[in-house]
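Colleague: I am new to reading models. Could you walk me through a few features?

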Amino acid sequence: MSRLVVVSNRIADPRKTAAGGLAVALGQALEASGGMWFGWSGRIVEDGTPGQGEVTQQQAGAVQLVTLDLSREDHDSYYLNYSSGVLWPVLHYRLDLADFDSGGIAGYRRVNQLFAQKLKALLRPDDIVWVHDYHLIPLAAELRAMGCEQRIGFFLHVPLPPPLILAALPEHDWLMRSLFAYDLVGFQSQADVTHFERYASDELQAQWVGQHGWRAFGKTLQVQAFPIGIDVDEFQALAEGKDARDMLTQLRSDYARRRLLVGVERMDYSKGLPQRLKAFRTLLQNYPENQGSATLIQIASPSRESVDAYAALRAELESLSGAINGEHGELDWMPLRYIHRNVARKRLPALYRAAAVALVTPLRDGMNLVAKEYVAAQDPDDPGVLVLSRFAGAAEQMKEALLVNPYDTARTAETIQRALQMPLAERQQRHQALLARLRAQDVHWWRERFLRALQATQETEKEP
Ligand code: ADP
Ligand code: F6P
């Protein structure tokens, strides 16, 4: 059987905590199949030479972790300036936050070449290579230029915006062409696939050849939606663990006479945090019965703090949360518990289960795994309600959640109130439908569907 080689910028020991959907999902997917996981070590060599880096190997259960150090210059230009400072905002429809003049593109190309060079030395001819996310879009093109003929698939964890937004990227043509070096490209949602198809036909003059195939530059590329899932059993087992049970008991006693709401994410402007806090404030103002009762625990873990837009967001959230507690807090109750720290993964299920309502209201999100984890953690006999942004990829699969437009503060507040008041039978019905789909379309289904489709391209391409 072929070996699976997964490549991503961020990697994590699958047996440890990781904040970020990619590391969590890939850890779970790889643990099941074994294989190699290749990526950045997380180490920055202050006086390192650009385009060079040391490789370290270690075994983590069934997974061989192979990591690459980056020089300070490479890290800053490839990861901070281009991936986080240009690609992330553009892919999340935030042209206003993209720093197109940062000059990071040279480092982005250089690090993709470095990844290709180091990876090529480790590849076997029958490996199946699966590349992840926007940091590594040109990786297959680099590997092909070095003579690699293995099947190579790519999965984009974040959204792909419509062509006219993508076109604001000075390098959009080069980046989108380089996708044709892959055999299969997967997106999170049907909306993303539609945007790709419009781009491919209008900008690249690619031809639709049926069966998910697009032909251009002498190559057929398969393109499909593969919505990522979670490991439902693993998450439910986590909920049964001692840490989670102890924490649940504590939360239930602390909030016995109150209603708990929860939000959990990396602190990122794509997550709609200021809009969410404003909707919560409107809830307290418009529905006074929540005064003294509704309590939002908002966890926003530190992320990409040396990128300016993130520092600005932190300042905004600190001021907004202070204002809300100042306006509504009482001597024995604060409406908002805002925590700018990581929470151990094993404690998340208790937080989710104790909360009557989860607020998952990104302005844009490729998928959003927190929405799925919240549903998996609920008690089926007395489940909480998920309030979900229609702009999260998860909304395509989770129609039984209460869908909101996070820009519409008053309607979002109204929907949160509806969630808090939802009768038990309706909560159970919605939860049952959501959980059934979560189980059917879990992280293993995602991995198997993608790899099956990648294998199938091999057969197609070999036809005369
Ligand atoms: P993204 O990939 O943009 O960070 P997702 O919602 O898809 O967003 O995935 C986030 C993952 O990281 C989830 O598995 C979630 O449980 C975890 N996570 C997010 N924020 C935190 C946090 N503050 N503490 C612990 N885990 C977190
Ligand atoms: O899931 C989207 C994503 O951008 C991943 O690629 C990334 O690993 C994660 O969010 C966390 O971000 P970062 O790696 O920049 O800390």
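This is a predicted model: local features need pLDDT of at least 70, side-chain atom pairs count only at pLDDT 80 or more; totals for chains, interfaces and linings use all residues.

Colleague: Which residues surround ligand 2?

Modeller: A residue is near a molecule if one of its heavy atoms lies within 4 Å of it. Around ligand 2 these are R10, L22, Y79, W88, D133, Y134, H135, R266 and R304. By class, that shell has four nonpolar, one polar and four charged residues. Here Ala, Val, Leu, Ile, Met, Phe, Trp, Tyr, Cys and Pro count as nonpolar; Asp, Glu, Lys and Arg are charged; the others, Gly among them, are polar.

Colleague: Where do polar side-chain atoms lie from an oxygen atom of ligand 2?

Modeller: A polar contact is a pair of N or O atoms within 3.5 Å. For R10, the distance from a polar side-chain atom to a ligand 2 oxygen is 2.9 Å. A side-chain N or O atom of Y79 is 2.5 Å from a ligand oxygen. For D133, the distance is also given as 2.5 Å. Of the 380 Å² of accessible area that ligand 2 has on its own, the protein covers 91%. That area comes from the Shrake-Rupley method with a 1.4 Å probe.

Colleague: At what angle do helix 8 and helix 9 pack?

Modeller: Helices are DSSP runs (H or I, at least four residues), numbered from the N terminus. Axes are lines fitted to C-alpha atoms, and angles run from 0 to 180 degrees between N-to-C directions. Helix 8 (residues 232-240) and helix 9 (residues 242-254) pack at about 60°, their axes 5 Å apart. Helix 8 is therefore oblique to helix 9. Under 35 degrees is roughly parallel, over 145 roughly antiparallel, 65 to 115 roughly perpendicular, and the rest oblique.

Colleague: What meets helix 15 in helix 8?

Modeller: Contact means heavy atoms within 4.5 Å. V232, D233 and Q236 of helix 8 meet L435, L438 and R439 of helix 15.

Terms used
Residues are numbered from 1 along each chain as its sequence is written. Chains are lettered from A and ligands numbered from 1 in the order in which they are written. Side-chain values use heavy atoms; hydrogens and water are left out. Helices (H or I, at least four residues) and strands (E, at least two) are DSSP runs, numbered from the N terminus. A polar contact is a pair of N or O atoms within 3.5 Å; within protein, one must be able to donate a hydrogen and the other to accept it, and residues adjacent in sequence count only if both atoms are side-chain atoms.
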